[in-house]
Amino acid sequence: MAQTLFDKVWNRHVVVAETETNPATLYIDLHLIHEVTSPQAFTELKTRGLKVRRPDRTLATIDHSTPTRINADGSRPYVTPQAETQVETLLANTKAHGIETHGWDSDNRGIVHVMGPELGATQPGMTIVCGDSHTSTHGAFGAIAFGIGTTQVGHVLANQCLLMPKPKTMAINVNGKLPNGVTPKDVILHIIAEIGIGGGTGYALEYRGNVFEEMSMQGRMTVCNMSIEAGARCGMVAPDQTTFDYIEGRKFAPENFEAACEDWLSLCTDDGAIFDKEVNIRAEDIKPMVTYGTHPGMGISIDSLIPTAQSDADQAALDYMQMTSGEKIAGTKVDKVFIGSCTNSRLEDLRAAAEIFRGRKVANGVTTIIVPGSVITKYQAEEEGLDKIFIAAGAEWREAGCSMCLGMNGDIGAPGDLVVSTSNRNFMGRQGPGVRTVLASPETAAATAITGVITDPRKMGAAA
Amino acid sequence: MSFEPLKQVTSKTLVLPATNIDTDQIMPAKFLSMTTKAGLGEHVFANLRYHADGTKTDHDLNSPEGQASQILVAGHNFAGGGKSIEHVIAGLMGAGIQSVFATSFARLQFRNAINYGLPFVTCQDIDKDCSTGDILEYNPDNGDIKNITTGKTFNTLPAAPFVAEVGAAGGLMNFVRDKIAKGEAIG
């Protein structure tokens, strides 16, 4: 019977099949852990006298609570002693259990969803979990990857399996030619605006069509990253030569690489396979996108007017954002710009932003911070001289981490600030109490930093 | 906090009338760097319960009735906002909450609540027909919620067998360990 990509990967990992009453038991190939959602799980193991079953299938890093600045004396300005304890607890736990950890001394330290792919640990056909909802990022490689809670982190540590009901499948078909200046971030914001923040609930998404086939791995990661923002369990792209070229030569790439690629090529949706749902989107209809409200589904093209509220909740969102229906969103004054996060902190994102910053200056009073996704990404950007472009423009070039995406490490805005952010969530107060967040691509964020108002990057022209 | 088997709950009730009470309201982000479950109960709804200067607000949560409530009632999309962190559930349980009834719940935290053995029960109109201070009785076997103060009964769907079994075991960890100890398959 014709199968979807999701079905093929799922079936390879079923230990005990799902029944009418009980979820399936699924084998997990790769478990990524970080400091926020793992300490209580390790405590649970200790209380119960359990060991980590497969330390060799577990990888750790520190990202959420880590400072993105270094003091003059080399010390790290943690936001609270508690944040430092959290990081130290992760390092102690992984050391005690023999888990490979990319801590302060590793060039691979960084946002957990940047680290996995950079190490080549993220591979097609895998099941990948992490105590973090943006684990869906790894689906870009044709893996089933999803976020789990701390109790489940404890489970996977203890037995490398997870109980899970099988989600339904949904194809998101985007075909045609993307207009110039439209980025992967715009594509996913368009998709979420179209299907809604609950549109993917209960589904595993497969992104299909020539737009994704032609997209780089970094772009595919940006798209899959935000699958969760549509409520989906995970999002996937079928592996192809682009995927293989990315993985080849990385630390965890399979030894017999050709044989692995041959197997991975079989991980595609068969002709005639039936999805539970299909959504068709014309690439030509997608424009650069920004959000105007307080969830990622409240997105519009940057050249459009702020919509009229359809409900009390919509109006409350507009009130919080201090946005007025019927006015243009472009031209809205901003206070801060953040370029980073597991959505948009990879080398391509930084290059795209640098192209706009090159030879220009950040507008007066607009604090702009650029946070690479990993130490390696930082070094690569510096080799290309991107850091010099950012600094010359008046932006801050920081150390790797999650930073202002959720502000756990103290990188936050001031109450009332409007922040244009390349991250994934624009909830009330996420980037600090009272902070208003507008989600956008690195290109739009950079153009906005230059002008000080929300700006369509296609209108920037050549630098002076 | 201990993982107790799911049982009948009878308690005073605290009603939070708002919809979309998100995880940031239940457990503000600054407490997410805590590495133990102990003490999280003190921080539940911290921004509703305390002024910026640390003094208590006059929110119902601080009233004697709020303090005595083991049942929380809310509207749509309780515990929404996308975060998967369990500090939210551990905090509610740490504060003595034994059941939450709402007109709907966010999925990630609904799953976490199952894994902790904390009943998250979906019940239409529960927020309209209960007041803070009412005494409610929840029977997990048949799903009935009885408002003893007003005499009104709400029928909810009893938990699915798997969920009920996890609840009866006192959370997912206990459930799986029991199964393994007995040599039973989980599926």
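Before I speak of strand pairing, a definition: two strands pair if DSSP finds at least two bridges between them. Please also bear in mind throughout that this is a predicted model.

With that criterion in hand, consider strand E4 of chain A, residues 58–61, and E5(A): the two pair in the parallel sense, over three bridges.

E5(A) and E4(A) are part of an open sheet of five strands in chain A, whose order is E5-E4-E3-E6-E7, with parallel pairing. Which strands form the edges of this sheet? They are strand E5 (100–102) and strand E7 (144–147) of chain A, each of which pairs on one side only. From one strand to the next, the twist averages 20 degrees.

Chain A also contains antiparallel pairing, and here strand E2, residues 24–27, is the element to follow. Strand E1 of chain A, residues 14–16, pairs with E2(A) in the antiparallel sense over two bridges. Within that pairing, A:Val14 has A:Leu26 of E2(A) as its bridge partner. E2(A) is also joined to strand E8 of chain A, residues 161–164, by four bridges, and these two strands run antiparallel. There, the bridge partner of A:Thr25 is A:Leu163 in E8(A).

I turn now to the domains. Chain A is divided into domain 1 (5–164), domain 2 (168–285) and domain 3 (290–459). The C-alpha centres of domain 2 and domain 3 of chain A lie 24 Å apart. Between these two domains, 15 residues of domain 2 of chain A are in contact with 16 residues of domain 3 of chain A. On the domain 2 side of that contact, helix H6 (184–195) and helix H8 (217–225) of chain A each supply at least two residues. Which element gives the most to this side? It is H6(A), with five residues. By residue class, the side of domain 2 of chain A that touches domain 3 of chain A divides into five nonpolar, seven polar and three charged residues.

Two packed helices are described by the angle between their axes and the distance between the axes. For H6(A) and H8(A), the axes come within 8 Å and cross at roughly 25 degrees. Angles under 35 degrees count as roughly parallel, and H6(A) and H8(A) are therefore roughly parallel to each other. Their crossing is right-handed. H6(A) contributes A:Pro184, A:Lys185, A:Val187 and A:Ile188 to the contact, while H8(A) contributes A:Gly219, A:Thr222 and A:Val223. These residues divide into four nonpolar, two polar and one charged.

Finally, the contact between the chains. How many residues of chain B are in contact with chain A? There are 30 residues of chain B in contact with 42 residues of chain A. On the side of chain B that touches chain A, the elements giving two or more residues are helix H5 (107–116), helix H6 (161–169) and helix H7 (172–182) of chain B. H5(B) gives the most to this side, with six residues. The residues of the side of chain B that touches chain A comprise 13 nonpolar, 10 polar and seven charged.

Thank you for your attention.

Definitions and conventions. Residues are numbered from 1 along each chain as its sequence is written. Chains are lettered from A and ligands numbered from 1 in the order in which they are written. This is a predicted model: local features need pLDDT of at least 70, side-chain atom pairs count only at pLDDT 80 or more; totals for chains, interfaces and linings use all residues. Domain bounds come from an automatic or database domain assignment. Two residues are in contact if their C-beta atoms, placed from the backbone, lie within 7 Å. Ala, Val, Leu, Ile, Met, Phe, Trp, Tyr, Cys and Pro count as nonpolar, Asp, Glu, Lys and Arg as charged, and the others, Gly among them, as polar. Axes are lines fitted to C-alpha atoms, for helices over the stretch in contact, and angles run from 0 to 180 degrees between N-to-C directions. Angles under 35 degrees count as roughly parallel, over 145 as roughly antiparallel, 65 to 115 as roughly perpendicular and the rest as oblique. A crossing is left-handed if the near helix is turned anticlockwise from the far one by less than a right angle, and right-handed if clockwise.
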